[in-house]
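Work through the following exercises with the sequence and the coordinates at hand, and try each task before reading its solution.

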Amino acid sequence: MTCKECGCLTSSFDDRLGETVCDSCGLVEVSHFIEDTVSNWKANNTGKQLGSQILQFSKLRKTNVRYNNSINMSDRRMLILSTTTLSHYSISKDTLDRVRTYYRAIKNEYVLKGHSIEERSAGLTYFILRELKIATSLKKHQSITDVPTSRISKVAKKIARFHRKAHVFAERDIMLLGSELLDKLNVSGLDRMDTLNMIHYINILLTERDIRYSDNFLASTVWIVSQINEMKITQKKLVSVWNCSDGAIRVALKQLYIVLGISKAELDTYSVNEIIHGIRI
């Protein structure tokens with residue numbers, strides 16, 4: 001039987017409780033109850049009592065209550081594991097609240113189906129630590145959770161993509177590189193702020209699609225903003241100061257138009273702020 005909560009294929013039967021329990025997350029999958037009976041008060045003409053009836057507060061009712069509430073068992077275990085893991089770091093109560101909020105969302109959408117509670121807890125806590133910029137590493141987290149680094153990374157990235165925060169695991173500091181390019185182009189003031197905001201926005205969009213934000217994409221982003229804000233930065237100028245080429249910029253621009261949901265002809269129709277906030281005519 002496949003667990004409907006975590007997708008685990010193995011389970012164990014508890015003779016004492018008459019329950020089949022998932023080996024991975026602890027969810028009670030099947031309850032076999034024994035009815036409590038009492039004598040029926042209605043007697044036949046011989047004076048003997050007939051039949052039986054289930055008591056209102058019998059084991060049947062108690063078992064059903066336990067079964068209906070059993071889905072919370074894995075949630076409690078998840079919270080305990082996460083709290084224990086995060087106790088090794090300097091965190092606040094708000095961080096624990098974030099664990100509950102994030103986990104409730106991914107659980108409702110079955111994002112981590114097939115992963116054990118240990119892997120879910122390790123991945124979620126690692127993602128939250130990275131999001132809050134609390135110093136950690138996969139190796140350190142493995143030593144605390146006893147979950148392999150490959151499983152922690154896989155679960156954490158699934159959670160990041162679901163919450164549209166895949167940029168948390170971006171390997172390159174795109175904002176730092178963007179600032180470097182703008183310094184070379186002598187871009188300052190509001191134009192610089194708009195460009196950095198667009199870089200941040202496009203970085204999120206590309207990371208969610210598992211597309212690496214290359215130097216060509218970075219140069220293309222700057223060119224797009226230059227067209228919107230009339231900064232007069234040519235592709236030739238970009239090539240002269242950055243690690244890119246004319247042909248690569250054109251290819252990257254075609255991809256960015258698709259990702260942004262606009263065309264080249266529409267660049268002068270929107271402001272940077274309107275594009276970032278998804279405003280389309």
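**Exercise 1.** How many residues line the second largest pocket, and which of them lie nearest its centre?

*Solution.* The model is a predicted one, in which local features need pLDDT of at least 70 and side-chain atom pairs count only at pLDDT 80 or more, while totals for chains, interfaces and linings use all residues. Residues are numbered from 1 along each chain as its sequence is written, and side-chain values use heavy atoms, with hydrogens and water left out. On a 1 Å grid over the protein atoms alone, a pocket is an open set of points where a 1.4 Å probe fits, with protein on both sides within 12 Å along at least five of seven lines, and lining residues have an atom within 4 Å of a point. The second largest pocket is lined by 14 residues, and those nearest its centre are Arg 130, Lys 133, His 167, Val 168 and Ala 170. Two or more lining residues come from each of α4 (117-131), α7 (174-184) and α8 (189-208), these helices being DSSP runs of H or I with at least four residues, numbered from the N terminus. The largest contribution is that of α4, with 3 residues.

**Exercise 2.** Describe the largest nonpolar core and the surroundings of one of its residues.

*Solution.* A nonpolar core joins buried Ala, Val, Leu, Ile, Met, Phe, Trp, Tyr and Cys residues through side-chain atoms within 4.5 Å, where buried means under 20% relative accessible area (1.4 Å probe, protein chains only). The largest such core has 38 residues, and Leu 238 is among those with the most contacts inside it. Helix α9 (215-228) is among the elements that give two or more residues to this core, and α9 gives the most, with 8 residues. Beyond its neighbours within four places in sequence, Leu 238 is in contact (heavy atoms within 4.5 Å) with residues including Leu 181, Trp 223 and Ile 249.

**Exercise 3.** How many aromatic pairs are there, and how are the rings of Tyr 126 and Phe 169 arranged?

*Solution.* Rings of Phe, Tyr and Trp (its six-membered ring) pair if their centres lie within 6.5 Å, and planes under 30 degrees apart count as stacked, over 60 as edge-to-face and the rest as tilted. The count by this rule is 4 aromatic pairs. The rings of Tyr 126 and Phe 169 are stacked, because their centres are 6.0 Å apart and their planes stand at 20 degrees. Tyr 126 belongs to helix α4 and Phe 169 to the loop between α6 (149-162) and α7, so the pair ties together parts 43 residues apart in sequence. Phe 169 is buried, with a relative accessible area of 15%.

Definitions and conventions:
Buried < 20%, exposed > 50% of the residue type's maximum accessible area, 1.4 Å probe, protein only.
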